[in-house]
Structures are given as structure tokens and as C-alpha cells.
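This report describes how the parts of the structure shown below are packed against one another.

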Amino acid sequence: MTTEPGSWGYASDFDDITGQVAICGVGDSDMSKASGRTTQQIVGQAVERALEDAGLEPRDVDGLMYVGMPEQFDVAAFHEHFGTDHDIWESRRGGGMTGAATAPYYAAEALRTGRARYVLNTFGVAWATQRGEMTGGPGETHAQDLFKQNLEIPFGWFPQPVYFATIARRHMHEFGTTEEQLGAIAVACRRHANLNPAAVMHEKPLTLERYLASPKFVDPFRKEDCCLISDGGGAYIMTTPERAADAPKPPALVAGVGLGHASTGTHWAQQPAFTSTPAVFSAPAAFRMAGITPADVDLFTCYDPFTIVTLMQIEDSGFCEKGAGGEFVAGDTLHFDSGKLAHNTHGGMLSHAYVLGISHVVEVVRQLRGEGTAPVADCEIGVYGGYTGPQCSTLVLRRG
Amino acid sequence: MADEQDHRIEGKITRAQFPLPDVTWPATAEFWAGAAREELLIPRCDGCGRFRWYPKPECPACAAEPYSWVPVSGRGTLFSWVVVTHPFLPQFADLVPFVPALVALDEDPGVRLPTRMVDCDPGALTFDLPVTVTFRPIAFAGVDGSVPAPMFVPA
């Protein structure tokens, strides 16, 4: 790990894993509002579908990755769901968010050493269901932070929509970004959701006019600037490129991985680069590993809790100059059929489901195979940008 | 709000007084004690003299541990703000609409105080507007007590 002098963050020093990992199967659960399902039921369904997609049986899975959050699909849950009892390597360096991009990096060693042949990465949430019971949700971890409890929340600077609306307003000041430009992101994602029968917002169209007419509940944000709260999950299966060549579907090859860190963590108020994300560290590292430039990317999916977070990641990943993101996304740039930078072609967290990035990777794999519901023509290189605030990750996948 | 995009957060409440600050929490007790005397205190590193905001146990610049709370002028500039009309916590119900803001201190604009703008027309706020501190009670619906806190008005 290296920190440049005067920098507000850094990139993890990753070894080159090009040519070591391929994704040979993907699946996701039904996506919904409150459904009464448990997280394990949700992820179990996604895993069943990923196994079918990969032509594998449950006993073929000998590696399992997830993230250390409550109720994730660990080895005990896997065996309970499938009635198996075989030895499985496990790692908590997977799941959604940034882990959906970096899981292949940590799986590479298990695959290289033969410790595992097929490594499953999963993530799921039942936050829409749990919201009624107040047992979970995106604001809770922030409410537990004592600096936030004592220096931010008493003033009402809480929770995430307030943080990111504050960042959006500053971005507007520094770079001239407009509400119409943020709206273009929401409209593109909604159009993709309208084409995707699995998306929660499938039947709800959104025009820019309707976006602008929507009331601002945390000015400058409208509800359309904010992601959904959903029940859902996803899964993908990693193996070596050699084994993946025998899978029923064409493989997606892991070409590059990067992980960036912000030194101020989730205390966004104090982040020196207030209108940036740690993608400025993760994306160049991943693109260097993959031997590509941003101009080579056909599809960019990214963790999109708010429109401004998408805009910043587009800039910080180098798809345009810093500050030019507003002009860049205006119009049809992000639409699947624009021939420019197709973005979140499943609808993203704004309009598909808030499953914290796992479906974004599933979507990239499907697009590389030509299976997208909003198909990107001749999609050869797809990128997923993961985000948590303290970290950004970048995953480059190449058509196999 | 449409039900599919309701962002109300009602997670685990850790203290009966939440979301009032815990004025006894050692890391920020001096901050709140100063506010009770209408003094704005900011921690400054004894090692390098830089402000250490938030008051973390170790200085991110020089790694020294000791720090002291020093008074500042209470003058700054408006770094950014939002106008909240939706109560994200039930305790915020009586507050809306209100204007959470970040104020950059004149002594070091890198120090950004999460605060609230008061006595102002939200529509008239502008970036980098000169602002000055005023001490007002924080109080919430359904929560006993109130705590004097540094809020800001246009200078």
C-alpha cells in the first residue's frame, strides 16, 4: 500500500491476476419490494440459478465468498440450503459493494493453488422486508458511528440522502453540474429498467420532464436521485479460464481489478476531495492491469446509491475529465443504444433493485454474452465500479 | 413519498436521548461543554499544531496523540448545504424544513463543521457565503432535554 504525499487516499498494491480467473455462471434472485423472504432464501434462489447457468451441481462448489454482514450465505447456509456436507473453502472478502469487484482477486489464489475449483460469490439483502421490523437498513451502520452520533446527527446531517445531496450541491458549484444532468442518469437507468422484466421499476417510465417536476425532498435531490430499498440478491461462479472454456455459456475473463481507499472513511464531511470518490485510485490500477484505457470500455456499471455517485465515478474512472461529468452524461450518453458509454443496462440500484452491486456484475457478464435485456452492441469489455464511500473498486471483464 | 423509495431510517436507537449528542462521550465532551458557554472549541494537535477534526486519538498528519481544545472565532464560509423537507428520523418531524450545512472555518477551511443554518432564507444561500456562529438549543420531538449547539447565520 502506498500513499502519495498530500493525497487523500491510495490504491491497494495488487498483483497482476490477468488470465487466472473467469466467471462461468451468474444468477440473481427475484427482485422485489418487501416480500417476506429471508436473505438466505433470496441468495439460495440466486445460487440455484447461477449453478444452472454454469451447468454445475451444488457439490461442484468448493469455494464460497461473501461479506461479513449479518445473514450472508456462508458455508453452513449453503449446506443447509442444498443438503450437502462437502468441504468448502470460504472467504469473507466477497459479497456486493466493493467486494463484488475484488472477490476475483482473492479467489485467484484459491484457484491457482487448487484449493478450490469453483468459487461462488454471493450477496443478498431483505432490507425492504426488514425495514418494517427495524432490524437492518442502510442508515443503521452510520447511526452506530459515535462521531456521527455526536457531531453530525444532532444537526440533522444524516443519513445518506443528506450526505450525498450535500456533495451534489458542492459539485454543482465547483463544476456547473445541473439538476437536468443528474436527471439524465436517472432517466437512462429507468429506461433500462423498463426494458428489463426483472427490474422493480419495470413498469414505471420516467422522462426528464417528470424527473424535474418531482418534488425535492432533500434539495437538491428528488426521490429519483436515490436508489430503491429492495429484497434481492445475486451470485456468480468463478473458475480458471481453462475450466470455464468447457462451461455451457461463454466465459467472462477477469482482466483487471483495483481497490481504492479514502483516508477519511465514511466521514464524508471531512474528505479533502469532497466531490471525488476513491475510484480515482482504483480505476487506473484496474485499467493498467487489464492493459486498457477508458475509451476501450463498452459498458460501465457502477454502484449507484445516488445519481451524483454515478456522476463522480464516471469522472473519477476517467471516462471524462473531472468536472465534465455533467455535460458528459447529458442526453443519451449512458443509454444502451447510444454507442457511447452504456451504463447500468439492467437499471442499476436506482431502478432495478438495491442489491448493492452484485447484480451489476451479473449484468456485465450477461452483456458480454449478448444476453442483455437492453443489449449493448458488440460488447467486448465491461467494467463494474464498486463503492462504499471509504473504498471504491474496479473490475474489468473481457468477453471470452 | 412513494413507498418504494421511502428513505426513513429507524434503525436501532442506542440511547434514550438519541439523536441529541451524548455530551459525556469523552471524545467530544469538551466541544459540547464549550457550546454550553457559547464558545466554539476545536481540537488542535499538540504535536504539529494542526486542527484535528474530528478528534481522533491519533493525528493523521504527525501521529501525535495529545491534543487541546482551543477557541476559534466562529467565523467561516458556507461550504455546502441541503434543504431537508422529509424527516428521515421520526425525531426530525418538528424540524422540517431545515438546513443542515457544512461550514469551513476561517482559521482553517479544511475544518468543516457539520451544523445547521438558521435565521436565513434557504433560497438566498450562496456558496462560500460568510457566516458566523450562534448558539441555539438542539431539541427533538419526543426526546427529553435540549443541548446548546453551534449553528450559523449569514454574517
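## Contact between the chains

In this predicted model, 42 residues of chain B are in contact with 39 residues of chain A, two residues being in contact if their C-beta atoms, placed from the backbone, lie within 7 Å. Strand 6 (108-117) of chain B is among the elements that give two or more residues to this side of chain B, and the largest share, 5 residues, comes from strand 6 of chain B. By class, the side of chain B that touches chain A has 26 nonpolar, 10 polar and 6 charged residues; Ala, Val, Leu, Ile, Met, Phe, Trp, Tyr, Cys and Pro count as nonpolar, Asp, Glu, Lys and Arg as charged, and the others, Gly among them, as polar. Strands (E, at least two residues) and helices (H or I, at least four) are DSSP runs, numbered from the N terminus.

## A residue and its contacts

Leaving aside neighbours within four places in sequence, A107(A) is in contact with V21(A), G63(A), M65(A), V119(A) and M238(A).

## Two crossing helices

The axes of helix 8 (residues 179-194) of chain A and helix 12 (residues 307-316) of chain A come within 9 Å and cross at roughly 95°, the axes being lines fitted to C-alpha atoms over the stretch in contact, with angles running from 0 to 180 degrees between N-to-C directions. Helix 8 of chain A and helix 12 of chain A are therefore roughly perpendicular to each other, a term that covers 65 to 115 degrees. On helix 8 of chain A the contact is made by L182(A), I185(A) and A186(A), and on helix 12 of chain A by T307(A), I308(A), T310(A) and L311(A).

## Conventions

Residues are numbered from 1 along each chain as its sequence is written, while chains are lettered from A and ligands numbered from 1 in the order in which they are written. Local features need pLDDT of at least 70, side-chain atom pairs count only at pLDDT 80 or more, and totals for chains, interfaces and linings use all residues.

Key:
Parallel < 35°, antiparallel > 145°, perpendicular 65-115°, else oblique.
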